Amino acid sequence: MNIIRIAFKEIKSDFRDSRTLVFMLAFPIVLMLILGTALSNTFNTSTSVGEIHVLYKDQTSGEFSGYVRQFMKEAKKSALHFKRISGQLDAKKEVQQGYYDGYMTITNEQIQLYVNDTNSIKGSIIQGMTAAFADQYNIATAVAKVKPEQVQLLMNNKVQNDYIKETSLHSKRQPGAMDYYAIAMTTMIALYGALPASYLIRGERTRKTADRLLAAPVHKFEIFIGKIFGNMVVNFLCVAIVITFSKFVFKAYWGHHLALVYLVVFTEVLFAISLGLGISYISRTEGAARTILMVVIQLASFLGGAYFKIEATGPMEKFITNLSPLTWVNTALTKIIYLNDVSAGSFAMLLNVGLAALFLLIAGTAFTRQEGL
Amino acid sequence: MNILEIKNVTKKFGDFIAVDNMSLTVAEGEIFGFLGTNGAGKSTTINMISGLLRANSGEIKILGKDIHKHSRFAKKNIGIVPQDIAIYEDLTTYENVKFFAGLYGLRGTQLHKQVEEALEFVGLSDKHKSYPKSFSGGMKRRLNIACAIAHRPKLIIMDEPTVGIDPQSRNYILNSVKKLNEMGCTIIYTSHYMEEVEEICSRIAIIDHGKIIAEGTKEQLKAIITNTKDVWIEIKPMETIDLNKIEAVSGVKAVQMEENLMKVSSDVSVNNLNDIIQCLINDKVEIRSLKEQSPNLETVFLTLTGRSLRDH
């Protein structure tokens, strides 16, 4: 009962502290808004190509001429516009100067394509579509030798209209800037919870309330657990509010396994509080504890990609970034959210809980050994 | 019956002996004054009684029960008014008292009733919803007391409860102490204000270097030093005096200087006033006035410890 009483007092005090609310709620939300908006272009993976204009000289005849017209008609649906060249126009010069994206000469035997390298995307699209058409025609020619009656069917009914197909190595959905910073800021602020935690027990001594608490018929560990429990509830609630706010106001994507996301974040909150407590017992003064924690949190935030995305490629870079708790938590959350990989959270949760146990052991041992709080 | 028994208690911090084989008893219904200079061992003793520190040897009993074997029983019967104000600034007056009283096992209507009574007792019943940050020093001290008495302890330990407050609040607190005593509480009272102790305490112990050097009623303590007389000599401000010369005068026990007022405690059987005056004249010190005083508690303390209670 005393544990709940102490925890409840802790929750009440923390939520009355405007600094807690500003730091744990307003700070991540504002940062999310600023970074998510300012760096939105960095995360934009789609490129607008626009309309493609191709000049052509049609020297085909007979049946093939019909297929060519049909191809051009279909290509128009993909914003690829063909324009027959007029007599006096220098097509190659037009392409060179960028007025057109390509120039094509079509005969019954071959298709010659001339594109401008300065716009390789448009050139590649024209090239790809033309190659696809040529392949289709070659197949039709081969079929004609065996079953001529099937050619019409192949060229007319099965006209290829999916010339461009999107294929991704990862998931179909990739995080945008706001999605990325929603995760990054949430996990960063959860880690910042280590700072107030370092003041959790020390604060009672500074406030002189420690003796009064210990003079009451309360076991030392009831105070210890009650305070940790209260602080965990406050930090987790703050983080949950940040997640909910980003989901509904900033429309950040949190995937279909929100309960698991909360669970991973909860273990991070536990880790952060334990880290703060552990450091407060290792260091001699309040100032020293704060300095150590600030350095650790700032480094972890930087390496964990809280401010900007870090792509670690080399083994040493990967090793260093993996030292940040934010790296393992953010990676787990990204996999849960974007790959629906529910098992991805296990490693992060295990590390969080394991390290939390270690820091709590340090704090608990020091707490037991010393007289008073 | 003795509410508190301290028997051969020693507390060491490394090589430093803070409390040295101390024995002491406090009977139920007493207001027990505990005097000592800073570092004398007063706070260590109080912390051991309230269970915050553990003695290296000896035993402490509350109402006949060992405080470590019956920790909950002992703590439930003790109320601590610490020297430093120990309240939460982010909780209201009512919430502060309720929180601490709740730790003593009080629940529901009983808790509410006793919190109300405690606030009423210290005159803060109209400040239920106020936060202590808006309080004066005196009001905070009163709230500090309310937090210690709401669970109705039998023994209340008050460690300098009147430090740094206005005379009105001090009188209020002193009257509260008397009232609590009338209601059946035993009080252990420490203060640097000797006149407070003299006014309210029925029995007094003087502690020095971790040992009780004198114990008894005011009269009993004064009787220890009846052979001492005090002479107050007012001198011209800014004069420098060699106190060693005065101390060397026959019969002089202690000399103390407070601004331009010199207090000389001497053996009553020795007539040394002329010698003291001569000493001052030789040093070309201008005497403004001279007064002889009978011994009080301050004199007792000074005589026994060689220091004033307010010397740090």
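1. What pLDDT does chain A average, and what percentage of the residues score at least 70? In this predicted model, chain A averages a pLDDT of 87, and 92% of the residues score at least 70. Within chain A, the lowest mean pLDDT among the elements belongs to helix 6 (residues 149-157), at 67, whereas the highest belongs to helix 12 (residues 258-282), at 95. Where pLDDT is low, the predicted coordinates should not be read in detail.

2. For chain B the average pLDDT is 90, with 97% of the residues scoring at least 70. Confidence in chain B is highest in helix 3 of chain B, at a mean of 97, and lowest in helix 11 of chain B, at 79. For the complex, the predictor gives an ipTM of 0.77 together with a pTM of 0.72.

3. On the interface, 17 residues of chain A are in contact with 23 residues of chain B. On the side of chain B that touches chain A, helix 2 (71-76), strand 6 (78-81) and helix 3 (93-102) of chain B each supply at least two residues. The residues on that side of chain B comprise 14 nonpolar, six charged and three polar. Helix 3 of chain B, one of the elements that supply this side, is also where confidence in chain B is highest.

4. The domain assignment of chain A gives domain 1, made up of 2-40 + 176-369, and domain 2, covering 52-157. Taken over C-alpha atoms, the centres of domain 1 of chain A and domain 2 of chain A are separated by 59 Å.

5. Several strands of chain A deserve a look in the 3D view. Strand 1 (residues 52-59) of chain A runs parallel to strand 2 (residues 80-84) of chain A, and five bridges join the two; here A:L55 stands opposite A:K83 in strand 2 of chain A. Together with helix 3 (residues 63-77) of chain A, strand 1 and strand 2 of chain A make a right-handed β-α-β unit. An antiparallel pair is made by strand 3 (residues 102-107) and strand 4 (residues 111-115) of chain A, joined by five bridges, and A:I106 has A:I111 in strand 4 of chain A as its bridge partner. Strand 3 and strand 4 of chain A form a hairpin, with three residues between them.

6. Chain B is likewise divided, into domain 1 (2-218) and domain 2 (227-294), and the centres of domain 1 of chain B and domain 2 of chain B, taken over C-alpha atoms, are separated by 39 Å.

7. One open sheet of chain B has four strands in the order 2-1-4-5, with antiparallel pairing. Strand 2 and strand 5 (65-66) of chain B stand at its edges, and each has a single partner strand, so one side of each is left without a neighbour in the sheet. Strand 1 (residues 2-13) of chain B is joined to strand 2 (residues 16-27) of chain B by eight bridges, the two running antiparallel, and B:N2 has B:A27 in strand 2 of chain B as its bridge partner. These two strands of chain B form a hairpin with two residues between them, and B:G14 in the turn has a positive phi of about 70 degrees. Strand 1 of chain B is also joined, by five bridges, to strand 4 (residues 57-62) of chain B, again running antiparallel; in this pair the bridge partner of B:T10 is B:S57 in strand 4 of chain B.

8. Another open sheet of four strands in chain B, with antiparallel pairing, has the order 12-13-11-14. Its edges are strand 12 (252-258) and strand 14 (287-293) of chain B, each of which has a single partner strand, so one side of each is left without a neighbour in the sheet. From one strand to the next the twist averages 20 degrees. Strand 11 (residues 228-235) of chain B runs antiparallel to strand 14 of chain B, with six bridges joining them, and B:E234 has B:S289 in strand 14 of chain B as its bridge partner. Helix 11 (residues 297-305) of chain B packs on this sheet and touches strand 11, strand 12 and strand 13 (261-267) of chain B, and its direction makes about 115 degrees with that of strand 12 of chain B.

Conventions. Residues are numbered from 1 along each chain as its sequence is written. Chains are lettered from A and ligands numbered from 1 in the order in which they are written. This is a predicted model: local features need pLDDT of at least 70, side-chain atom pairs count only at pLDDT 80 or more; totals for chains, interfaces and linings use all residues. Two residues are in contact if their C-beta atoms, placed from the backbone, lie within 7 Å. Ala, Val, Leu, Ile, Met, Phe, Trp, Tyr, Cys and Pro count as nonpolar, Asp, Glu, Lys and Arg as charged, and the others, Gly among them, as polar. Domain bounds come from an automatic or database domain assignment. Two strands pair if DSSP finds at least two bridges between them. Axes are lines fitted to C-alpha atoms, for helices over the stretch in contact, and angles run from 0 to 180 degrees between N-to-C directions. pLDDT is the predictor's confidence in each residue, from 0 to 100. A crossover is right-handed if, with the strands pointing away from the viewer, the path from the first strand over the helix to the second runs clockwise.
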